[in-house]
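I would ask you to keep the sequence and the structure in view while I speak.

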Amino acid sequence: MGTYRPGGVIETARWYVAEAHQPKAHLAKARRFETRRSEARPSQAHRPETRPSQAQWPEARQSQTHWSGTRQSHAHWHGTRPAQNHWHLTRQAQDHWHGTRPSQTRRFETRQSRARASEALLSRAMPRHAVRVSHAFATDQLALAGLTWKSSGHCADRHNRVCTSMQAIRSETLVGVIDLKRESGCPVVVTGGTEAGHAPGAFSHAAGYKIDIRHNKCVDRHITKKYPRAGVRSDGSALYRSASGDIFASESDHWDILFR
C-alpha cells in the first residue's frame, strides 16, 4: 500500500480501502514467482524434442518395424542356419562313408543276400518230408552258416572211404548240424557224411541220416550239458539224446550224430 496522507479520518479510510482493492503487491509477487519459474525450466522453444512429431511418427514406426524385422531374421538365422546344418549333414554322411567303406558294405550285403537265397533254397528243399541234396549244395550251406568240412584224403568221392562226401544227404540232417552250430556258437568241422566205410542200416550215413563232426571242448561241453545221457552204445560210445530224438554218440575222435 501507499503512504498515509492526512486529510481527515474519512478520507484516510477511503484511501485505505482504495489501496486495499488494488493488488499491486500481489501482482508484483506473482511476477517475481513466474520469473523464477521460467528461469528454472527452459521455455517451450528451447525444450528438446523427446518424441517424434505427428508428421515424423509414421517414419519412426517404419524404422522400428524394420528393426523388429531385422531381429526376427537374425533369430531365424540363428534358429535354422541352413548352410551350417547342411555342412553337419555332409560331415555325418562323410563319417558314415569312412566308417563303413562301401566295398565292405557291398560284400556284407552280398553275403546276406546269398545267405537269404540259400535259406530259401534250403526251405524249399525241406518241405514236409526231407529230400536229398547234392554235395555242392550241402557244402555251400555249411560255408554260409560258418561250418567247415575236412577230408583225410582231400576228396569228395562218395565211394571212397577216405573222402568226405555229402552227396544225397538228407536236408534235415544238414539243417540239424547247422542248428547245432547256431545254438552252441562253437566251431563245427564236419568230417563224415554219406561216403563209404560206415556201418549200414536204415538210419545210417549212407542213408543220409548221420553226420560226423570233430571233437572240441566247446562242442563237447554244449552237448554233454544240454542233452541228457541215454546209455552206452555197443561199441562203448556214450550216448546223449535230445528232446526231438536226435542221438549224439561220442566216439574216440568225433561225434557220430543221428538226426531223425
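Let me begin with a definition: a residue counts as exposed when its relative accessible area is over 50%, and as buried when that value is under 20%. What you see is a predicted model. With that cut-off in place, please turn to His-154, which has a relative accessible area of 75% and is therefore exposed. His-154 sits in the loop that joins strand S2 to strand S3, the latter covering residues 169–170. As background, most residues other than glycine have a negative phi.

Ala-168 belongs to the loop between S2 and S3 as well. There, too, phi is positive in a residue other than glycine, with a value near 65 degrees for Ala-168. Is Ala-168 buried or exposed? Its relative accessible area is 16%, so Ala-168 is buried.

I now turn to the overall content. The protein contains eight helices and nine strands. Of its 260 residues, 27% count as buried. Among contacts in the protein with a separation of 6 or more, 56% come from residues 24 or more positions apart.

The next topic is the sheet. In which order do the seven strands of the open sheet stand? The order is S2-S4-S5-S9-S8-S7-S6, and the pairing is mixed. Strand S2, residues 148–149, and strand S6, residues 229–232, are at the edges; each has a single partner strand, so one side of each has no neighbour in the sheet.

In general, strands of a sheet pair through backbone hydrogen bonds, either parallel or antiparallel. S5 then pairs with S9 in the antiparallel sense over five bridges, with Lys-210 opposite Leu-258 in S9. S5 is mostly covered, as four of its five residues are buried.

Helix H8 lies across several of these strands, namely S5 (210–214), S7 (238–241), S8 (247–250) and S9 (254–258), and runs at about 45 degrees to S9. H8 spans residues 217–226 and includes Arg-221. Arg-221 has 44% relative accessibility and therefore counts as partly exposed. The C-alpha atom of Arg-221 is 9.2 Å from that of Ser-184, although the two residues are 37 positions apart along the chain.

Finally, I come to a helix pair. Two packed helices are described by the angle between their axes and the distance between the axes. Helix H6, residues 135–144, packs against helix H7, residues 171–184, at an angle of about 15 degrees, and the axes are 10 Å apart. Because angles under 35 degrees count as roughly parallel, H6 is roughly parallel to H7. The crossing of H6 past H7 is right-handed. Which residues meet in this contact? From H6 there are Ala-138, Gln-141 and Leu-142, and from H7 there are Leu-174, Val-177 and Ile-178. The residues of this contact comprise five nonpolar, one polar and no charged.

Conventions:
Residues are numbered from 1 along each chain as its sequence is written. This is a predicted model: local features need pLDDT of at least 70, side-chain atom pairs count only at pLDDT 80 or more; totals for chains, interfaces and linings use all residues. Side-chain values use heavy atoms; hydrogens and water are left out. Axes are lines fitted to C-alpha atoms, for helices over the stretch in contact, and angles run from 0 to 180 degrees between N-to-C directions. Helices (H or I, at least four residues) and strands (E, at least two) are DSSP runs, numbered from the N terminus. Angles under 35 degrees count as roughly parallel, over 145 as roughly antiparallel, 65 to 115 as roughly perpendicular and the rest as oblique. A crossing is left-handed if the near helix is turned anticlockwise from the far one by less than a right angle, and right-handed if clockwise. Contact means heavy atoms within 4.5 Å. Ala, Val, Leu, Ile, Met, Phe, Trp, Tyr, Cys and Pro count as nonpolar, Asp, Glu, Lys and Arg as charged, and the others, Gly among them, as polar. Buried means under 20% relative accessible area, exposed over 50%, partly exposed in between (1.4 Å probe, protein chains only). Two strands pair if DSSP finds at least two bridges between them.
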